[in-house]
Structures are given as C-alpha cells and as structure tokens.
There are 2 protein chains.
Amino acid sequence: MRKWEDPTRHHKLAAGTALNTPLYKEVKRLLTESISAGEWKPGCAIPAEYMLAEQSKVSIGTVRKAVDELVNENILIRQQGRGTFVAAHNRARLMFHFFHIVRNDGSKLTPEVVMRSFASGLADDEEAAHLGIGLRAKVFRIQNILLLAGEPIIFDDIVIPQALFPKLTGAKVVGRPNTIYHLYQSAYNITVVRSAERLRARLADAESAEVLNVKKRAPLLEIRRVAMTFNDVPVEFRRSLVNTEHYEYFSDLAKTASG
Amino acid sequence: MRKWEDPTRHHKLAAGTALNTPLYKEVKRLLTESISAGEWKPGCAIPAEYMLAEQSKVSIGTVRKAVDELVNENILIRQQGRGTFVAAHNRARLMFHFFHIVRNDGSKLTPEVVMRSFASGLADDEEAAHLGIGLRAKVFRIQNILLLAGEPIIFDDIVIPQALFPKLTGAKVVGRPNTIYHLYQSAYNITVVRSAERLRARLADAESAEVLNVKKRAPLLEIRRVAMTFNDVPVEFRRSLVNTEHYEYFSDLAKTASG
DNA sequence: TCAAATAGATCATCTATATGAGTTGATTGT
DNA sequence: ACAATCAACTCATATAGATGATCTATTTGA
C-alpha cells in the first residue's frame, strides 16, 4: 500500500491531530513548537530537510512547504548550501523588521537608546487588554529615549508582564549588549516574531515636550505597538512618541518576497 | 533525452531570456505581462494551470510556483475548484489592502467620498520625484473628503500624471460607480498592486481645519502614499490628512499568509 | 418544474525523484 | 605548512504523477 492510500496518514505525526488539516501545516506546527520550546536555539541550524522528512515520516516536499511558510514569516532563514537557521534578534534584523522610523530623505539610522526610568507597576485597562493579562497584573515599565543623529526623536514607553520576565531589573536592561528583543530572546526565551501598530497624531504634553526637546503642543506621532511571539501571543505593549519634524514612519505594505 | 538534460531549457519560453534565472520566475514574468497588457482582464479567470504548463512547456509544479508568488502579492486570487482570477479592485479588496484607517475600537468603516476639487496642474519637485515624471509635467489634482460615520475624517489630495490618465475629468471621477482604483483599472488599464506610505504628525492649517472641522493647530496625521502598478512603477501620489481623534492608522506587519 | 445525484473541471495537497548550485571540510600533492 | 582539489552535504529548482476537496454544470428522477 502506498502512502497516499493510507487513511491514517494524518495521524502519522501525532495522535490526536485534527483531521482535515494539511500535513504541511502539522509539520509547521511541530517546527514552530520546537523553536518555541527552545529545542532549536536562535541563530542555530535546524536539522536538514531530508532528516526532518524522515523523522516526521513525510516527504521532503511537505517539509519544504512548511519551512517555506516559516521563512516567509521571518521565523526561519534559509541559506543555500548551509542550512536553515532559526532567526536571531540581531540589530540588523530588528532595524529591518521592527524599526520603521526613517529620515525625511528615506535613510535609516540606528538609534542610540538611553533608559529614562525602570519601574514595577500594575497593568491598567489598556495594557491588560493588549497584553492579554489580568487587570492590575504586575508589569514592568521601561521608559527609553531614542537618539537619532544625537537628537532625541523617540520617547518609548515599554510595558511587559512580570510573569513573562521574572527578575528583570533596570540594570539588566541597561547592561544588555544587544537590542531589547535580543534580551527577551536570550534571557527569557521569548522571541518576538511580529508586531501590530496603531498610529495617531497628538500634541506634546509637558513631559514629552521636555524629553523630545520640542515645544509644548508640538505635533507628535504616537505609535502603539503590540509585539507578539509565536501564535500571536502578546508579550510587549509599547507606546512611542515620535518627533516627526525631520523623521517619518515608513510603512511598506509589500514586504512579501517579490522579485 | 529528458528535459532536465536539455541545456537550452531556459530558452523554451522566450529567446533572449537571461540564463540562470529560475524557470518559474520567467513564467511569473510572462503571467505578469499578460495581466499587465490587459490580455487577461481583472476579475476574470486565467487559463487552468495544466494549460499554462502545456503552453509554456514547463511542468505544472513550476506554473504553480509562479502563480503562488503572484497570489502572495495579491495580483492573482486562487479559488479551489473554480480557477485562478486576476484581482479586481472591488471595494472589499481596496478596504483590505489600501485603507488603513480604523476606529479606536478597531472596527473598520467604509468611507463616503466627496470630491472637493478637480484641477489640472504641473508637478512640483516632490510630486515629480515620487511619480517618476519630469518636473512640471502635467498632472491632475483631485481633492476628496472622506466621511466616516458621517464625519469628515480624511482629507485626500491625489496627484496623478496626465500622461497615464488622458482625458480624465472631474465628472468621470465623481460619476464612478466604484472606487477610484477601480476607475484607474477599468478606464485606463492601470492596476494598483502595492503602495508605500510615510507618516508624520502635523498641525492643521486653515484649509484642513475647515475641511475636517477641527480647530486650527489641531494635531493631524499626514500620510504620503505612493501607489504603484506592476514592477513598482508609480502611478499615484496621495497626501492624506487624518483627524485621529477617534480613528487610527493601523499597520499590521505580518499580513503574510500565516495560519 | 424542481431538487437530488452525477460528472467534469480546477485547484490543494502529497509523494518521489533528479539535477543544479553554494558551502564546508577533508584529502592530496607540493 | 600551504594551497588546490575534491567529495559530501545542504538547499534550490524542476518534473511527474496521484489523490482529495470544492465548485460548476449537467443529467436524472419524481
């Protein structure tokens, strides 16, 4: 009997698997789990395709389709001749996927981050809703000032659940050798894979005016970002205020692999 | 001799084709050309995959990969059991891919469009640069007011090259039965397939304050959009001013087919 | 006339296999 | 020791064929 005649083929991977879901989606789920569980570390190669095919008892084409989707979601990175790697949060990656502020002329600068405050607190309505945690659940609040070309341009207000980031301290945040998403990943095994942002215009209040060195009631761009890990689980809520006098928010709605 | 041993296989599709480009990219290019040339009309089905494979002398899997990418870029739409269709600019599609303003609660309303002015003019520096046309080339300028729930929320300023849209009139724009992108497509065979947007915060001037019914110096979100057709050829430059008191700009950077 | 069953078309998924191309590391010859 | 060569491994591309799911159109039967 050939494989496609096997009525139980959907159960090859795991008992209890939902029927009528494509095999490659199951494979994808398994791959995602392995990454999510830290079985395959960021930056490292995952097993070769033929090996995954063998282990999962599916054909290599099916594995390929699963990997294709994960590559498309920036979770895996393929390199011909070398292997397929779990995406790590290096600075370049962060800048490309999660930093959308460019100079008026279109050029992108790397920001210098200065922490303004680090505090423990309780989630308010909005934060709880966006983070999917209970009202008044414990959170950390981190205020950062981002300098571009030496000027304070962005005022970040980061809120993260203490449940996900136990024992985080301001010192750890300041002392990180890399981006804060890298810190999430390396210290807490939390990989941010996507974000949703909502933007509006507002006027500078006293605090933001001071921080960003603009007049009170100057126009600022407000960005509310929810950063998510696998399966759209929210892990960070961030409110940013941006002085868009010489910088802009760039949104290219066609990052899909074209060519 | 089997196909893969044929050293001229890259020339099957068209003489003069660059070597070392994947076959499926060539097929994709041909498909794109057929659409772009109006050979296959928006909303209509393209030939079945096996037929395309036969015509192009490639396997059905190769056609499939080419179609896959075009589906991913929202240029084609697949429907199991029915066929593959050229994406048409209906209202739903426009709302999903090109309209990013949502209410504070996240819900999306369909705007009511009211034309404020239609004029002929000459492209200034910024417009010429974004549209890839000569300085002082002839353009049409269309000002629209977009009402959401009856309130004026968005003030659009659309600039398009007259070369691409000959004999366009205000009456044609107002009398269109569908969206303006549908008009571009149906009347001028220009299909907008992607857009790039840049956002900033600014204060309302006298004109925008009046149009949007806000106070002068109220904070407004300014969006500059370049809309492009196939091969990233710009066809429209649009400046929008948005009253973000009760509405927001939504940017989901992971619209890639996940699931 | 109308509804149900059927056949056909088409995409969706899966398997199997072959070849090409890039990378890495070991082998080999000097 | 060193460089060139080569083999092995990996992903990239392409082909062929089979089965499943879904929609459309036709036929059939009451």
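Colleague: How many residues surround DNA strand D?

Modeller: Bear in mind that this is a predicted model, where local features need pLDDT of at least 70, side-chain atom pairs count only at pLDDT 80 or more, and totals for chains, interfaces and linings use all residues. Residues are numbered from 1 along each chain as its sequence is written, while chains are lettered from A and ligands numbered from 1 in the order in which they are written. A residue is near a molecule or strand if its C-beta atom, placed from the backbone, lies within 6 Å of it. The closest to DNA strand D are B:Leu23, B:Ser59, B:Gly61, B:Thr62 and B:Gly81, and the number surrounding it is 21.

Colleague: Over at DNA strand C, which element gives the largest share of the surface?

Modeller: 22 residues surround DNA strand C, with A:Leu23, A:Gly61, A:Thr62, A:Gly81 and B:Arg78 the closest. Elements giving two or more residues are helix H1 (23-36) and helix H3 (60-72) of chain A, along with strand S2 (83-86) of chain B. With 3 residues, the largest share comes from H3(A).

Colleague: How do the two chains touch, and which strand gives the most to the side of chain B that touches chain A?

Modeller: Counting residues as in contact if their C-beta atoms, placed from the backbone, lie within 7 Å, the contact takes 25 residues from chain B and 25 from chain A. Strands S7 (194-203), S8 (219-228) and S10 (247-252) of chain B each supply at least two residues of that side. The one giving the most, 10 residues, is S7(B).

Colleague: What is the bridge partner of A:Tyr249 in S7(B)?

Modeller: Strands pair if DSSP finds at least two bridges between them. Strand S10 (residues 247-252) of chain A and S7(B) pair in the antiparallel sense over 4 bridges. In S7(B), A:Tyr249 is partnered by B:Leu199.

Note on methods: Contact = placed C-beta atoms within 7 Å.
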